[in-house]
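Here is a short briefing on one protein model. It covers salt bridges, a helix, a strand and a surface patch.

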Amino acid sequence: MNQRFIPIISFLMSVSVIVFVTLQIKWLKEYYGALDQDFSNKVETALEKAVGEISELEIDRYLNETYKDFGRTVIANSQQPSSTIIQQTEDSASRRTITYQQNIIERENLPIDNSGDSLNRIKMWTDEVLVRIKKDTTQPEPLTAALNSSITSGEYNLKEFTRIVGNNRPIENRVDHKTLDSVVSRELKKQGISSDFGYGIYDRNNRLTSITDKDYKLSEQSSTYKKVLFRDAEDKTLYTLALVFPRKNFSLIKNNLPMLLGTFLSLLTILGIYITSINYMMRQKKIADVKTDFINNMSHEFKTPLATISVATDSLANDKIATNPEKVKYYSQLIKQENLRMKKQVENVLNMSKLERNEVQLFLRETNMRELIMEITKSFQLIVGERNGQLIKEFTAEKYHLKVDEFHISNMLVNLLDNANKYSPDTPEIKVRTSNEGNWYVVEISDKGMGLENLNKNKIFEKFFREETGNIHNVKGQGLGLSYVKKIVELHKGQISVDSVKGKGSTFTIKLPLS
């Protein structure tokens, strides 16, 4: 892929993902809003039916339990031409006796035509002082079949009577906790709602009554659903039933989990694919950049030895130099040295390739690390001495016998020492220290050179990475040394870390397990 298109494609993908996520979130909000509205509608339906059932239960209990079989007796005698209903009750305020009503019912069956059709007409006279059958004389209540049957049987009058008498009774005598909870639960389940709820009853002054459970008191500030429970003789609200659902959100999500989970997982999948794709393209771009830098560095590393070999070869062809044994020896050694240098660069690349493919096999054997490090530092002392530098050795480790691969460990130490020398722009001052920490053999190699930026401390162990130094290329290399060092340490089941301050130097710490 052309690198110029990567930012454009990344931008277009980002815009597409943002639009997709925005639309998904909007859809989820609208879907949840629809679920919430459906939930509210079901609660309203359940409340309406529950209120009606509670009223019916109150009437039945008052007429047939409080006054045993009173209501059933009235209905059973409904076929009599007239009836007198007298009920005594005590007003909680004045304790006066109330006579409900006296009525006369007359039924007539009027023939309409010869086919047999007839009209059933009922006349009822009642004492208007005590009860009004019609609430609004300008808008009479329609006489439906159900209402006609209720009036005929006397059930209508009984209900009106109970409603009037109930206005003078405290709410505790009209409904109890057990009945209320049972009826509401049953009606909610009929609507498919199984969520926990709390209930409370308010009086006409909007104050909570004693018929309120603890769940409602704890969640009173939540979304509340209300319905008029009882009305007075003037059809004004007397008591209101209110419901709350403390776990409504959880219930909505639980009941629609497959849909919501599927949508959420698809959203996560799209985001995952987007992040992976962007990361992959960025890595490909980075690899392409690293590859270009590597080729440039390798070209530069080979260019100098090849130029030196070319000059030395031309010099050997000169008759004056060819007849001088010392000059011939000098140029021959120079050619050999540059050849070895190129060979070393190629070996570094091949070794890293083998390490990446896990093809390197370590030949571990018991090794005296102190003697090995002393031998390496002894030969490296000459290189540091050419720059008038110093190599300080401090061996304090009491346990220094380890099972290691001498070849790779030697290369690892040489790499670290070489870096300490290369990245010391002034007179190098390198210190090699060994010690024991628990079951570890510790080697520290420190310098007072250029140091590292904080952001690059973890990157320096990446393959081909080299810290930017602007346009100055006085430090040569391919960025493979420290990557090789880390791989060798890890193969020996060890640890490596770096502590560095820009402009003050670096310290590399290697920990190898003791045998």
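Which residue forms a salt bridge with Lys248? The partner is Asp36, with the closest N and O atoms 2.7 Å apart. A salt bridge here is a side-chain nitrogen of Lys or Arg within 4 Å of a carboxyl oxygen of Asp or Glu.

This is a predicted model: local features need pLDDT of at least 70, side-chain atom pairs count only at pLDDT 80 or more, and totals for chains, interfaces and linings use all residues. Residues are numbered from 1 along each chain as its sequence is written, and side-chain values use heavy atoms, leaving out hydrogens and water.

**Salt bridges**
- The count comes to 12 salt bridges.
- Lys248 lies in helix H8 (residues 248-255) and Asp36 in helix H1, so the pair ties together parts 212 residues apart in sequence. Helices (H or I, at least four residues) and strands (E, at least two) are DSSP runs, numbered from the N terminus.
- Lys248 is buried at 11% relative accessibility, whereas Asp36 is partly exposed at 24%. Buried means under 20% relative accessible area, exposed over 50%, and partly exposed in between (1.4 Å probe, protein chains only).
- Arg365 and Glu406 meet in a salt bridge at 2.4 Å, N to O. This pair links strand E8 (residues 365-368) to helix H13, 41 residues apart.

**Helix H13**
- H13 (residues 406-422) has 17 residues and reaches 24 Å from its first C-alpha to its last. That is close to the expected 24 Å, taken as 1.5 Å times one less than the number of residues.
- Asp405 caps the N-terminal end: a side-chain oxygen lies 3.1 Å from the backbone nitrogen of Phe407.
- Buried residues of H13 include His408, Met412 and Leu416.
- Asp418 and Lys422 form a salt bridge at 3.8 Å, N to O. Both lie in H13, four residues apart, about one turn of the helix.
- Salt bridges that share partners also join Glu394, Lys431, Arg433 and Glu444 into one network.

**Strand E12**
- Five of the seven residues of E12 (residues 440-446) are buried, so the strand is largely enclosed by the rest of the structure.
- Seven bridges join E12 to strand E11 (residues 429-437), running antiparallel. Strands pair if DSSP finds at least two bridges between them.
- Val432 has Ile445 in E12 as its bridge partner.
- E12 also pairs with strand E14 (residues 505-513), antiparallel, over seven bridges.

**Helix H1**
- Leu12 is found in helix H1 (residues 5-66).
- Leu12 counts as exposed, at 51% relative accessibility.

Terms used. A polar contact is a pair of N or O atoms within 3.5 Å; within protein, one must be able to donate a hydrogen and the other to accept it, and residues adjacent in sequence count only if both atoms are side-chain atoms.
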